Amino acid sequence: QAAAPLHPVAVQCQEAQVVVTVHRDLFGTGRLVRAADLTLGLASCLPVVQSAAESTVTFVAGLHECGSTLQITPDSLIYKTSLSYKPTPSGNPVIVRTNAAVVPIECHYPRKSNVSSKAVQPTWAPFHSTLAVEEKMVFSLRLMNDDWSTERLSNGFQLGESLHLQADVSSRGHVPLRLFVDDCIATLSPDRNSSPQYALIDLNGCLVDGRSDDTTSAFISPRPRQETLRFMVDAFKFAADARNLIYITCHLKVSPADQAPNPLNKACSFNTASSLWVPLEGTGDICSCCETGSCLWYG
């Protein structure tokens, strides 16, 4: 509804901002208030447009701007702010001719609907599906037995054996996802920043342990499913240290399954026969940074 003397404040709740139009005849008396005396929100934002012809001023602010507050209910997101009128003192400090005023403003958005200014494409992920991923995604990293059928009951190994490691992500109601292991660090304490340490996987998915001499460490192809990633690492211990307990800490992440692997989302093993890095999926060039040591992506 347009701002008019009978309805002096009009509010438009848009996708990412609120537009407040104020008729300067704020009290319906025919006496126009000064535009400079009107502000929006706790941050006292000033109007961005003034129309002398229509005697209106307009505020435009992002939903999180001007000191607005957010209230979350089971069904709605409610952004709250207020329009303030604080009259400047008149020429005679003994009297006042108008009162200050505060007009509360609220914008309500349904939590379970999809809001987008773009046309919905077949591959577009609805907001509520994305929200479900954020709330219910569960990552795991397990030692498996030699045929990958069940979790290994013992975490003890002899040098010369191989560790079978399986990373998984599970969530309900999500868009299809592909799991990656960004890095894995071996240490002698639970603190992954402690010293000494040894990188098994580094550079956003390069199994650098496979680059060492006489090792068979590699990602296992094919994946049983996109949400699972398996890899083998030859057993080892830290030199010149009597302790035989090693901690392995890995950083797991996902990307949309329909997104092609790239230098930041990849699983690359070193093929000793060809002396080349080979990706589990995607084109060979995404693994070139495993050799150069700088995995930046400009795609």
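Visitor: Is S84 buried or exposed?
Guide: This is a predicted model, where local features need pLDDT of at least 70, side-chain atom pairs count only at pLDDT 80 or more, and totals for chains, interfaces and linings use all residues. Residues are numbered from 1 along each chain as its sequence is written, and side-chain values use heavy atoms, with hydrogens and water left out. Buried means under 20% relative accessible area, exposed over 50%, and partly exposed in between (1.4 Å probe, protein chains only). S84 has 11% relative accessibility, so the residue counts as buried.

Visitor: Which strand holds S84, and what is S84 in contact with, leaving aside its neighbours within four places in sequence?
Guide: Strands here are DSSP runs of E with at least two residues, helices are runs of H or I with at least four, and both are numbered from the N terminus. S84 sits in strand β7, residues 76–85. Contact means heavy atoms within 4.5 Å. Leaving aside neighbours within four places in sequence, the contacts of S84 are D37, L38, T39, A101 and V102.

Visitor: What does the side chain of K80 form a salt bridge with?
Guide: A salt bridge is a side-chain nitrogen of Lys or Arg within 4 Å of a carboxyl oxygen of Asp or Glu. For K80, the N to O distance is 3.9 Å, and the partner is E106. K80 lies in strand β7 and E106 in strand β8 (residues 101–110), so the pair ties together parts that are 26 residues apart in sequence.

Visitor: How many salt bridges does the count come to?
Guide: Some are linked up: R142, D168 and R225 belong to a network of salt bridges. By the rule above, the count comes to nine.

Visitor: What is the order of the strands in the open sheet of four?
Guide: Two strands pair if DSSP finds at least two bridges between them. Here the pairing is antiparallel, and β10 (residues 162–170) is joined to β14 (residues 228–234) by seven bridges. The edge strands, each pairing on one side only, are β9 (138–144) and β13 (218–219). The order is β9-β10-β14-β13.

Visitor: Which residue in β14 does D168 stand opposite?
Guide: D168 is also one of the residues in the salt-bridge network with R142 and R225. Its opposite number in β14 is T228.

Visitor: What is the bridge partner of V9 in β2?
Guide: Strand β1 (residues 9–13) runs antiparallel to strand β2 (residues 17–23), with five bridges joining them. A hairpin of three residues links β1 to β2. The partner of V9 is V22.

Visitor: Is the link of C184 and C250 left-handed or right-handed?
Guide: C184 lies in strand β11 and C250 in strand β15, so the pair ties together parts that are 66 residues apart in sequence. The S to S distance is 1.9 Å. With 110° about the S-S bond, the link is right-handed.

Visitor: How many disulfides does the count come to?
Guide: Another of them joins C206 and C290, with sulfur atoms 2.0 Å apart. The count comes to six.

Key
A disulfide is a pair of cysteine sulfur atoms within 2.5 Å.
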